Amino acid sequence: MKIAPISGFPEWLPEGRIVEQKVIDTLRSTFELHGFSGVETRSVEPLDQLLRKGETSKEVYLLNRLQGEEGQKSKLGLHFDLTVPLARYVLENAGKLDFPFKRYQIQKVWRGERPQEGRFREFYQADVDVVGQGELAPHHDIELPLVMVDAFSKLPLPPVVVRASNRKLAQGFYEAVGFEDTESVLRIVDKLDKIGPDKLSEELQETLGATEAQARAALELATIRTPDASFVDKVRALGARGDLLDEGLEELANLIEGANSLIPGAMQADLSIARGLDYYTGSVYESTLIGHEDLGSVCSGGRYDNLVEAGKRKFPGVGLSIGVSRLLSRFIDRGLVVPSRKVPACVYVAVNDEGERPHAARIAQKLRERGIPTDVSHNSSKFGKQIKNADKRGIPFVWFTTSEGEQVRDVRTGEQVSANPETWMPPAKDIGVDVQGVLSHE
């Protein structure tokens, strides 16, 4: 029977999975280093909640029971991101959580979109968010992107460039130049990189009835990019004025200057960033990898003051998200990030003959008790073949029981020395699997 893969559902080989796990472990440890607590939410949410924010109805996978009643519509769907589940989680547990609530979540999500490079239907996503109760201090807008800058600096990937804008700035500007439906303008401008300036101008005029001058103003705003707060003067030069615009300019200037004062060059202003989802209310972020800009944003998010609310209670927040599988597909598939070996084992215990397998197993057990990842040869073929089996998997050490006692060989150098399984230790760098970038800037 021929088995065909299902597009959009990535499955890595073991060495690819090692890379993925190392990246996830690095993200988790970095998030915890910054004081974030890990949570995991259920995979399904009520369908009406999934459809409550943003244009996502075509992406949601419905959950139906095979033996369900005929004609009965499912009211549950698989979550397509981790923000909507966060909103529900906060509301359900508000009385038990400490605010501001700093949470990270690394979990699979599902989206019914057309599969292509870097676009999957099932993938890992990693989120960090800070949620306040009633209010949330603006310094968290600076904190979140710097957490991601720290995390990316520890990954075997090219440097990340974090770019930021502000929804108040954009909305205030659009209002000042005469747009009425600013949410639609934001969604159209969000497609600038995909469709280009000419088609964007055309869509603004045909879809929203914008004048040529309004479309030109929207494009002029979107072209402003600066490494510091000098964008303020550039926006002022366009002539638009308004209280909301002023508020957005001040917030973004404080964000850029605050972030770069802590980590110089950590953030740039890019007023082309709109973020199409309508729950963002302030700062918005996108990030690209140097040399891989065609991959698009690898980390994005923003400030949302109204996503989580119950009656008069509001829980404003700010967060960022990494599409982990999307990010790694580029580097795993092209061999740009590789593990130092294919398997976790550091030592491969050879078996002289099947009668001595229990002895080999005891050697392995003693090594494992001291934290040394160890495998035992699956057969008792000639030592040369067993060494090749270890070398094929990248295992650096082979353990032998010889007439002269226990010995261990470094497969890479050929050096073989006497060893005691209760005291011998490999170099620290060999105990775990290392993950390295290869030609990561090309």
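Biologist: What makes up the lining of the largest cavity, by class?

Modeller: The model is a predicted one. The lining of its largest cavity has 7 nonpolar residues, 2 polar residues and no charged residues.

Biologist: How do you know which residues of that lining count as polar?

Modeller: The lining consists of Ser165, Ala170, Tyr174, Val189, Leu221, Leu271, Ser272, Ile273 and Ala274.

Biologist: How much space lies in the second largest pocket, and why is it called a pocket?

Modeller: About 230 Å³ lies in it. Of its 13 lining residues, Pro138, Asp141, Glu251, Ser283 and Arg303 are the closest to the centre. The word is pocket because the set of points is open.

Biologist: What is the make-up of that pocket's lining by class, and which helix gives the most to it?

Modeller: The lining has 3 nonpolar, 3 polar and 7 charged residues. Asp, Glu and Arg count as charged, so Asp141, Glu251 and Arg303 belong to that class. Helix α10 gives the most, with 5 residues; α4 and α10 (243-262) each supply at least two.

Biologist: What makes β1 and β4 a pair?

Modeller: Pairing needs at least two bridges, and β1 and β4 (residues 101-110) have 2, so they pair. The sense is parallel, and Ser37 has Arg103 in β4 as its bridge partner.

Biologist: Why is β1 called an edge strand?

Modeller: The open sheet has 9 strands in the order β1-β4-β5-β13-β10-β9-β6-β8-β7, with mixed pairing. β1 (37-38) and β7 (225-226) each pair on one side only, and are its edge strands.

Biologist: What makes a residue of helix α8 buried, and which ones are?

Modeller: The cut-off is under 20% relative accessible area, so Gln214, Ala215, Ala217, Ala218, Leu219, Leu221 and Ala222 are called buried. They pack against α5 (167-176), α6 (182-189), α7 (192-208), α9 (231-236) and β8 (267-270).

Biologist: Which residues have the most contacts inside the largest nonpolar core?

Modeller: Leu27, Phe31, Phe152, Tyr174 and Phe231 do, in a core of 81 residues. Helix α4 (residues 139-153) contributes the largest share, 8 residues. Apart from that core lies another of 16 residues, among them Val39, Val131, Ile273 and Leu307.

Notes
Residues numbered from 1 in each chain as written. Predicted model: local features only at pLDDT ≥ 70, side-chain atom pairs only at ≥ 80, totals over all residues. Heavy atoms only, no water. Core = buried A, V, L, I, M, F, W, Y, C linked by side-chain atoms within 4.5 Å. Buried < 20%, exposed > 50% of the residue type's maximum accessible area, 1.4 Å probe, protein only. Helix = DSSP H or I, 4+ residues; strand = E, 2+ residues; numbered from the N terminus. 1 Å grid on protein atoms, 1.4 Å probe; cavity = no way out; pocket = protein on both sides within 12 Å on 5 of 7 lines; lining within 4 Å. Points joined across faces, edges and corners; volume = space filled by probe spheres on them. Contact = heavy atoms within 4.5 Å.
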